[in-house]
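Visitor: I would like to learn how to read a model of this kind, feature by feature. Could you take me through one?

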Amino acid sequence: MASQTLSPILEGTKVNIKPNFENIAWKWMRYSAILLIPLVWIHVILQDILVGVHRMNLDYVALRWATVGWRIYDVLLLSFAFAHGMNGLRQVLNDYIHHPKWQRVISWLILLLWFTITAIGAVAIIGGVRRG
Amino acid sequence: MAYLKTTLKGYTHYKGRTGQFNFLLHRLTGLGTVLFLAIHIMDTATVYFFPMLYEHAIAIYRTTLFGLAEVGLVFCVLFHGTNGLRIAIFDWFPRLWRSEIEHKWNLVTLAITLILWLPLTGLMIRNLLIHNFGLFGG
């Protein structure tokens, strides 16, 4: 009996739970992760290996962003990767900081930091390269 | 603080073999990637806000130190993705969550990461030798 009650997950038992914030955040991590594997890997192989930082400059960014598709690609990267990363950071910190008050403070700080940096990145992608 | 101490002590005292190793590596590679990502969004955003600063940021990325850090970053991204995919597949088929199967696939995850990472590392080091040390006709 004991072994049966200990391993419902291994038997494929489905449990219905009303989704709360953590539940939605967990799903966000899983679904964004599956998208991020091709998105990030292609981005890294293209920019770091095939092109390389030695061939990058303002002209290169302007050329890349002249294609709308690459701008959309970068918007996807920005929205999926950074939100995945910042929520991951929140989860990691929650493993070490257990006080509910501090967990709330950290959640709000991370939300603020995520929003600020995402907004800066989004404005840059939409605005494009500016020539001085 | 007591919680923090207990958790960190657990990492050194708990003998979770490859599962624990991959868990810690997943955490470290994730933290490393998000730290770089935050900086990377800001430096790319200079193309709109302060275009003159972009060339300066790129000049820093071209140094040998950052070139080696880039090799580490690529490892982080490859391991975090491969290991994350392993976890997702195991969750789709929960019967896989048995220690002996986990142990095997933890090792496979590390192997896949290295198989992807080593050739890319070779190409990045080659790039560094060409541009920073004038080798291979650079």
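This is a predicted model: local features need pLDDT of at least 70, side-chain atom pairs count only at pLDDT 80 or more; totals for chains, interfaces and linings use all residues.

Visitor: Then let me begin with confidence: where in chain A is it lowest, and where is it highest?

Guide: The general idea is to look at the average and then at the elements. Chain A averages a pLDDT of 91, and 90% of its residues score at least 70. By element, helix H1 of chain A (residues 2–6) has the lowest confidence, with a mean of 47, whereas helix H5 of chain A (residues 100–127) has the highest, at 97.

Visitor: How many helices and strands does chain B have, and what should I make of its overall dimensions?

Guide: Chain B has 5 helices and 0 strands, which gives the pattern α-α-α-α-α along the sequence. Its radius of gyration is 19 Å, well over the 14 Å that the globule rule gives for 138 residues, so chain B is more spread out than a compact globule. The C-alpha trace spans about 55 × 40 × 30 Å along its principal axes, and buried residues make up 25% of the 138 residues.

Visitor: Which backbone angle of Arg17(B) deserves a look?

Guide: As a general idea, most residues other than glycine have a negative phi. In Arg17(B), phi is near 50°, a positive value in a residue other than glycine. Arg17(B) lies in helix H2 of chain B and is partly exposed, because 13 other C-beta atoms lie within 10 Å.

Visitor: Finally, how many residues of the two chains are in contact, and which helix of chain B gives the largest share?

Guide: An interface can be read by counting residues, then by asking which elements supply them. Here 39 residues of chain B are in contact with 41 residues of chain A. On the side of chain B that touches chain A, H2(B) gives the largest share, 14 residues, and the residues of that side divide into 26 nonpolar, 8 polar and 5 charged.

Technical notes:
Residues are numbered from 1 along each chain as its sequence is written. Chains are lettered from A and ligands numbered from 1 in the order in which they are written. Two residues are in contact if their C-beta atoms, placed from the backbone, lie within 7 Å. Helices (H or I, at least four residues) and strands (E, at least two) are DSSP runs, numbered from the N terminus. Ala, Val, Leu, Ile, Met, Phe, Trp, Tyr, Cys and Pro count as nonpolar, Asp, Glu, Lys and Arg as charged, and the others, Gly among them, as polar. The radius of gyration is taken over C-alpha atoms; the globule rule is 2.2 Å times the number of residues to the power 0.38. A residue is buried if 20 or more other C-beta atoms lie within 10 Å of its own, exposed if 12 or fewer, and partly exposed in between; C-beta atoms are placed from the backbone. pLDDT is the predictor's confidence in each residue, from 0 to 100.
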